[in-house]
Amino acid sequence: MTDATGLMRMILVDPDQPFPAVELADPTGLVAVGGDLSPERLLSAYSAGIFPWYNPGETIHWYCPHPRSVLVPTDLRVTRSYRRSVAHADYTVTMDRAFAEVMAQCAAPRADDDGTWIGPDMMAAYLRLHHLGHAHSVEVWRDGDLLGGLYGVARGRSFAGESMFSRARDASKIALYWLCAQLAAWDFPLIDCQMTTGHLTSLGAIELSRADYLHVHSRAVARPGLIGAWEFEIPVPDSPDHLPE
């Protein structure tokens, strides 16, 4: 397959076919097209610093962009108002309590968006990863209502953040705050934010070259991971009575 730039794109056909070298990515970071969203394919991709990104109904596109947006958990930028939101602990924060609900909220239409890239096939695929202990969510609750959250994929000690949502002011930022605190305690060196946005930059995300990102990522992936359901091991706002059954 040749794209508009004249570069060759590998078409993934065989389920066991490996990804091409990320150095062959085009200027957008596109590495390959096709394949499937099987757990084996997804875990292989995330281990290599590659992730799927495409619109529902399209052929799967696999990316490893340059530069890469990352957030060091200990470098989260917490403004005074952000800190007030975290300190005003009239909420409960959990891990892996409502993965499917978090992903569904992330996929829901937003006022400032034309649509979503999280289609039914992607939701089913990441739910399988969650059941296998590789995909995780953080939830923020108030009086039994899910106010915000985020989800992502862990490989070794590297975490790839996929999406977040808020139904109340700063709810997703509260989820990110506690995720960063826990990942720092677990000695995760980075959160892969994938693509740069102004919002992520305001929270302390930085850009790394593809080579620098892969250097840190590959070393983190090689370390023992935490497979299975995650629970906070640091003190967090916790009011079990406010959670749904």
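## Terms and basis of the model

A residue is called buried when its relative accessible area is under 20%, exposed when it is over 50%, and partly exposed in between, with a 1.4 Å probe and protein chains only. Helices (H or I, at least four residues) and strands (E, at least two) are DSSP runs, numbered from the N terminus.

The model is predicted, so to speak of local features requires pLDDT of at least 70, side-chain atom pairs count only at pLDDT 80 or more, and totals for chains, interfaces and linings use all residues. Residues are numbered from 1 along each chain as its sequence is written, and side-chain values use heavy atoms, with hydrogens and water left out.

## Helix 2 and its cover

Helix 2 spans residues 80–87, and Y82, S85 and V86 are buried in it. Seen down the helix axis, these buried residues fall within an arc of 100°, so they line one face of helix 2; the arc is that of the directions from the helix axis to the C-beta atoms. On the other side of helix 2, the exposed residues are R80, R84 and A87.

Helix 5 is included in what covers the buried residues of helix 2. Helix 5 runs over residues 171–185 and contains K173. K173 is buried, at a relative accessible area of 18%. When neighbours within four places in sequence are left aside, K173 is in contact with Y82, H199 and L203, where contact means heavy atoms within 4.5 Å.

Helix 5 also holds A181. With a relative accessibility of 28%, A181 counts as partly exposed. The C-alpha atoms of A181 and V236 are separated by 9.7 Å, although the two residues are 55 residues apart along the chain.

Two strands are taken to pair if DSSP finds at least two bridges between them.

Strand 3 and strand 4 (residues 61–63) run antiparallel and are joined by 2 bridges. Across this pairing, P52 stands opposite W62 of strand 4.

The loop between strand 4 and strand 5 contains P67. A cis peptide bond, with omega about 0°, joins H66 and P67.

Strand 5 covers residues 68–71; R68 and V70 point one way from the strand, S69 and L71 point the other way, and all are buried. Strand 5 is joined by 3 bridges to strand 11 (residues 206–208), and the two run antiparallel. In strand 11, E207 is the bridge partner of S69. Strand 5 also pairs with strand 10 (residues 190–194), in the antiparallel sense, over 3 bridges. Here L71 stands opposite I191 of strand 10.

## Residues with positive phi

Q194 is placed in strand 10. The phi of Q194 is near 70°, a positive value in a residue other than glycine. Q194 counts as buried, at 8% relative accessibility.

D96 belongs to the loop between strand 6 (92–95) and helix 3 (99–107). The phi of D96, a residue other than glycine, is also positive, near 55°. The relative accessible area of D96 is 14%, and the residue is buried.

Rolling a probe the size of a water molecule over the atoms shows where empty space is left. On a 1 Å grid over the protein atoms alone, a cavity is a set of points where a 1.4 Å probe fits but cannot get out, and its lining residues have an atom within 4 Å of a point. Grid points are joined across faces, edges and corners, and a volume is the space filled by probe spheres set on the points. By this rule, the model has 1 cavity of 30 Å³ or more.

The largest cavity holds about 60 Å³ of space. Its lining comprises 13 residues, of which Y46, A160, D192, Y213 and H217 are the closest to its centre. Helix 1 (39–47), strand 8 (145–155), strand 9 (158–166) and helix 7 (210–221) are the elements that give two or more residues to this lining. Strand 9 gives the most, with 3 residues. By class, the lining of the largest cavity has 7 nonpolar, 3 polar and 3 charged residues. In this classing, Ala, Val, Leu, Ile, Met, Phe, Trp, Tyr, Cys and Pro count as nonpolar, Asp, Glu, Lys and Arg as charged, and the others, Gly among them, as polar.

Conventions
1 Å grid on protein atoms, 1.4 Å probe; cavity = no way out; pocket = protein on both sides within 12 Å on 5 of 7 lines; lining within 4 Å.
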